[in-house]
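Here is my note on the model, point by point. Please read it with the structure open.

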Amino acid sequence: MPPFDVPEGDPFGVHNLPYGVFSTAEAPTERRVGVRLGDHVLDAGAAALALDSPYAALLAQPTLNPLLAAGRTAWSDVRRALTAWVTVPSHREVVEPLFHPLSSVTLHLPFEVADYVDFYASENHARNVGQIFRPDAADSLTPNWKHLPIGYHGRSGTVVVSGTDVVRPSGQRKAPTDPAPVFGPSVRLDIEAEVGFVVGVPTELGTPVPLGDFREHVFGLCLLNDWSARDIQAWEYVPLGPFLGKSFATSVSAWITPLEALEDARVAPPERTHPLLPYLDDSAEEPAGYDLRISVAINGHVVSDPPFSTMYWTAAQQLAHMTVNGASLRTGDLYGSGTVSGPEQNQRGSLLELTWNGRDPLELPDGKRTFLEDGDVVTLSAWAPGPGGARVGLGEVTGRIVTG
Ligand code: MN
């Protein structure tokens, strides 16, 4: 077992070091903070204790929350310590036995999710949805879209870790042409390929977070699938927005990639076509976009490659907007970017767009798809450019649709 000798070019090399929470077959009820290196997981708390590290209090924990709350200086210090533990030869004898093969552990939801918010930040996605649902509108974007990042509050208690089965939701639906609503399992179950941002450092009620403080509060990111029952959503969402069509499940990847691992992936967001109010104006800020290359696969067949670099609103702007009214942040707050859709047909992040609301079925090796069928397994995966041409692996978020 050579975890110190991760092959060159491995997307989970020492340049990455994402955090998760795992348990082993020997101690299934004992959750531990783990750090991924190659195809192994380091028991980070055990390593901290064995090396008499001051960070044992942050790492010998059943969730990432204490580390999240510790703040940016501690995040950097812990990352530097971990890098030394897995690279300095004198640590090898102590640290090597604390690695577990990834295939032998169970991965859990890595942090206690506090509040959950979901945005709508892809211009391509918003325009596609506008054309599908408001074909007669003069502009496919609503008048507010270029002025603020549109979002809604979701249900944090139904955020689940990758690998959790998703039960097909039941609810009311009524097509415009139906005389009355009917109740039953959703027949238009969809995905939304997104990136989730994880808040570490909380704020006091009444104190907005300016754009430039994004990195003081946000620890890292994960992949997120905002499962969506389009038929339930279409009937319920006017005028207060998504509710039961979304709240039945939201899946996140098991690995949280710290922002520090993504320095080489930072890019400027698309050019702004409308002037922004000062609290959202990022023209003088450092680039806050991220070049993340996402893939969407259904039953192992790639159907789309959404590019995160095309997102109009950045995560820093979303954080500034979400707190500009004085709403406070809590450790473990999670916010979704919104569906990531690029300009090309094969870059769309939802089946709604990929099949144009069911009009153009996808041809998969196992048959045609408009929306998801029971037994379908959806997997989002991603990587980002890293140092020296390396890739930063963002892991995957997967889920199987089961009968309700
Ligand atoms: Mn969404």
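1. **Ala-69 and its neighbours.** Leaving aside residues up to four places away in sequence, Ala-69 touches Gly-200, Val-201 and Thr-331 (contact means heavy atoms within 4.5 Å). Ala-69 sits in helix α3. Helices here are DSSP runs of H or I with at least four residues, strands are runs of E with at least two, and both are numbered from the N terminus. From Ala-69 to Arg-330 is 261 residues in sequence, but 8.9 Å in space, C-alpha to C-alpha. Ala-69 is partly exposed, at 40% relative accessibility. The cut-offs are under 20% relative accessible area for buried, over 50% for exposed, and partly exposed in between (1.4 Å probe, protein chains only).

2. **What the model is.** This is a predicted model: local features need pLDDT of at least 70, side-chain atom pairs count only at pLDDT 80 or more, and totals for chains, interfaces and linings use all residues. Residues are numbered from 1 along each chain as its sequence is written, and side-chain values use heavy atoms, with hydrogens and water left out.

3. **Two domains.** The chain is assigned domain 1 (19-108) and domain 2 (116-402); such bounds come from an automatic or database domain assignment. Their centres, taken over C-alpha atoms, are 29 Å apart. Domain 1 brings 19 residues to the contact and domain 2 brings 18.

4. **The interface.** About 1,600 Å² is buried between domain 1 and domain 2, and carbon and sulfur atoms give 68% of that area. Buried area is the accessible area (1.4 Å probe) that two parts lose on being put together, summed over both. On the domain 1 side, Tyr-19, Leu-68 and Trp-75 lose the most area to domain 2, together 38% of what that side buries.

5. How many salt bridges are counted between domain 1 and domain 2? The count is one. A salt bridge needs a side-chain nitrogen of Lys or Arg within 4 Å of a carboxyl oxygen of Asp or Glu. Three residue pairs across the interface are in polar contact, both residues at pLDDT 80 or more. A polar contact is a pair of N or O atoms within 3.5 Å; within protein, one must be able to donate a hydrogen and the other to accept it, and residues adjacent in sequence count only if both atoms are side-chain atoms. The side of domain 1 that touches domain 2 takes at least two residues from each of β1 (19-24), β2 (32-37), α3 (65-70), α4 (72-85) and β5 (105-108).

6. **The manganese site.** Which residues are the protein donors of the manganese ion? They are Asp-118 (OD), Glu-192 (OE), Glu-194 (OE) and Asp-226 (OD), lying 2.1 Å from the ion. Donors are N, O and S atoms within 2.8 Å of the metal (3.2 Å for Na, K and Ca); water is not among the atoms, so sites may look incomplete. The spacing of the donor residues in sequence is D-x73-E-x1-E-x31-D. Glu-192 and Glu-194 are both buried.

7. **Charges around Glu-192.** Arg-230 forms a salt bridge with Glu-192, with the closest N and O atoms 2.9 Å apart. Arg-230 is in helix α8 and Glu-192 in the loop between β12 (189-190) and β13 (193-199), so the pair ties together parts 38 residues apart in sequence. Arg-230 is buried, with a relative accessible area of 5%. Glu-192 is buried, also with a relative accessible area of 5%.

8. Arg-359 and Asp-360 meet in a salt bridge of 2.8 Å, N to O. Arg-359 is exposed at 58% relative accessibility, and Asp-360 is partly exposed at 30%. Over the whole structure, a search finds 24 salt bridges.

9. **Backbone points to check.** Most residues other than glycine have a negative phi, and most peptide bonds are trans. Val-238 and Pro-239 are joined by a cis peptide bond, with omega about 5 degrees. Pro-239 is in the loop between α8 (230-236) and β16 (250-252). Asp-52 has a positive phi, near 55 degrees, and is exposed, at 70% relative accessible area. Trp-356 also has a positive phi, about 50 degrees, but is buried at 18% relative accessibility.
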